[in-house]
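I opened this model to look up a few local features and kept notes as I went. The entries follow.

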Amino acid sequence: MKFELKRVRYMPKELASGVLYLSEEFGIAMHLCACGCGSKVSTPLGPTEWSVEETKSGPSLWPSVGNWQQVCQSHYWITRGKIIWAEQWTPEQITAGRRQEEQRRKAYYDALYRKRIGIFARLWNCLKGLKKRLHRHLPG
């Protein structure tokens, strides 16, 4: 099976086999499972989720797709439009993989929060310093 990329605003009700639908506006990609079971696979896009790259040979979806909640439990990558099958994971591997995903998300958002707080903390300290300088120069 070869995948092609189709950019859409909204996901169609019926998905066609071999099509990776991409809604950049809503940050999601969807396709039918590569094994042919007919399951709809939804992959949210973002810095801690999946990413889609368009190439001349076809789309790439990263990281791998693991359909752990489906009966098929397919595990694969879509790379340049082609399916690259991965090994099936054990329940322990699935649990560990989910834990790693959650840790990666937490680390990303914690770092983003610290960066954001750092800006506010610097601004707050600057304002406190300005207030001290103003009080030194005011009569009274």
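I began with the cut-off for burial: a residue is buried when its relative accessible area is under 20%, exposed when over 50%, and partly exposed in between. I also noted that this is a predicted model.

**Entry: S39.** I looked up S39 and found it in the loop between β3 (28-32) and β4 (40-44). Its relative accessibility is 13%, so S39 counts as buried. I then checked what S39 touches: leaving out residues up to four places away in sequence, the list is H31, L32, C33 and Q70. With Q70 there is also a polar contact, side chain to side chain, at 3.0 Å.

**Entry: aromatic pairs.** I counted three aromatic pairs. I followed up the pair W68 and W89: the ring centres are 5.1 Å apart and the planes are at 15°, so I put the pair down as stacked. The two residues are 21 apart in the chain and the pair links distant parts of it. I placed W68 in the loop between β6 (58-66) and β7 (75-79), and W89 in the loop between β8 (82-85) and α1. Is W68 buried or exposed? I read 14% relative accessibility for W68, so it counts as buried. W89 comes to 24% and therefore counts as partly exposed.

**Entry: backbone.** I noted a cis peptide bond from W62 to P63, with omega near 0°. P63 is in strand β6.

I noted Q73 for a positive phi, near 50°, in a residue other than glycine. Q73 sits in the loop between β6 and β7. At 23% relative accessible area, I list Q73 as partly exposed.

R80 is not a glycine either, and I read a positive phi of about 50° for it. I found R80 in the loop between β7 and β8. Its relative accessibility is 51%, so R80 counts as exposed.

**Entry: cavities.** How many cavities of 30 Å³ or more does a search of the whole structure find? I got one. The volume of the largest cavity is about 50 Å³. I listed its lining as T48, E49, W50, P63, E101, R104 and R105. Helix α1 (residues 91-137) gives the most to the lining, three residues. By class I have four charged, two nonpolar and one polar residue in the lining.

Notes. Residues are numbered from 1 along each chain as its sequence is written. This is a predicted model: local features need pLDDT of at least 70, side-chain atom pairs count only at pLDDT 80 or more; totals for chains, interfaces and linings use all residues. Side-chain values use heavy atoms; hydrogens and water are left out. On a 1 Å grid over the protein atoms alone, a cavity is a set of points where a 1.4 Å probe fits but cannot get out, and a pocket is an open set with protein on both sides within 12 Å along at least five of seven lines; lining residues have an atom within 4 Å of a point. Grid points are joined across faces, edges and corners, and a volume is the space filled by probe spheres set on the points. Helices (H or I, at least four residues) and strands (E, at least two) are DSSP runs, numbered from the N terminus. Ala, Val, Leu, Ile, Met, Phe, Trp, Tyr, Cys and Pro count as nonpolar, Asp, Glu, Lys and Arg as charged, and the others, Gly among them, as polar. Rings of Phe, Tyr and Trp (its six-membered ring) pair if their centres lie within 6.5 Å; planes under 30 degrees apart count as stacked, over 60 as edge-to-face and the rest as tilted. Buried means under 20% relative accessible area, exposed over 50%, partly exposed in between (1.4 Å probe, protein chains only). A polar contact is a pair of N or O atoms within 3.5 Å; within protein, one must be able to donate a hydrogen and the other to accept it, and residues adjacent in sequence count only if both atoms are side-chain atoms. Contact means heavy atoms within 4.5 Å.
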